[in-house]
Amino acid sequence: MAEINYPDKYKNKLFLTVKDMMEIFGIGENLAYQYLKEAPFRTERVGSKIMIFSNSFWAWYNMM
């Protein structure tokens, strides 16, 4: 299995937030939410928040 690389800042996070994703990609809030409608990684809605499973996100990110 390939090693997953990610910035140390996110190393201990089980979930990423939309704000984290915006920072990683350097995009705005509207584009982030638009992208999350059909995200290629696992997400879950918890109340009004969208949680991004970090292991799924980083596995996808490192395949790009």
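Student: In which sense, left-handed or right-handed, does H1 pass H3?

Tutor: A crossing is left-handed if the near helix is turned anticlockwise from the far one by less than a right angle, and right-handed if clockwise. Here H1 passes H3 in a right-handed crossing. This is a predicted model, in which local features need pLDDT of at least 70 and side-chain atom pairs count only at pLDDT 80 or more, while totals for chains, interfaces and linings use all residues. Residues are numbered from 1 along each chain as its sequence is written, and side-chain values use heavy atoms, with hydrogens and water left out.

Student: At what angle do helix H1 and helix H3 pack?

Tutor: Helices (H or I, at least four residues) and strands (E, at least two) are DSSP runs, numbered from the N terminus. Axes are lines fitted to C-alpha atoms, for helices over the stretch in contact, and angles run from 0 to 180 degrees between N-to-C directions. Angles under 35 degrees count as roughly parallel, over 145 as roughly antiparallel, 65 to 115 as roughly perpendicular and the rest as oblique. Helix H1 (residues 18–25) and helix H3 (residues 54–63) pack at about 15°, their axes 13 Å apart. H1 is therefore roughly parallel to H3.

Student: Which residues in H1 and H3 meet?

Tutor: Contact means heavy atoms within 4.5 Å. From H1, Met21, Ile24 and Phe25 meet Phe57, Trp58, Trp60 and Tyr61 of H3. The classes in this contact are seven nonpolar, no polar and no charged residues; Ala, Val, Leu, Ile, Met, Phe, Trp, Tyr, Cys and Pro count as nonpolar, Asp, Glu, Lys and Arg as charged, and the others, Gly among them, as polar.

Student: How do the rings of Phe25 and Tyr61 pair?

Tutor: A pair of aromatic rings is described by the distance of the centres and the angle of the planes. Rings of Phe, Tyr and Trp (its six-membered ring) pair if their centres lie within 6.5 Å; planes under 30 degrees apart count as stacked, over 60 as edge-to-face and the rest as tilted. The structure holds 13 aromatic pairs. For Phe25 and Tyr61, the centres are 6.0 Å apart and the planes at 45°, so the pair is tilted. Phe25 in H1 and Tyr61 in H3 are 36 residues apart, and their pair links distant parts of the chain.

Student: At what angle do H1 and helix H2 pack?

Tutor: H1 and helix H2 (residues 29–36) pack at about 110°, with axes 10 Å apart. H1 is therefore roughly perpendicular to H2. Val18, Met21 and Met22 in H1 meet Glu29, Ala32, Tyr33, Tyr35 and Leu36 in H2.

Student: What is the order of the strands in the sheet?

Tutor: Two strands pair if DSSP finds at least two bridges between them. The open sheet of three strands has the order S1-S3-S2, with antiparallel pairing. S2 and S3 are joined by four bridges, and Arg45 has Ile50 in S3 as its bridge partner.
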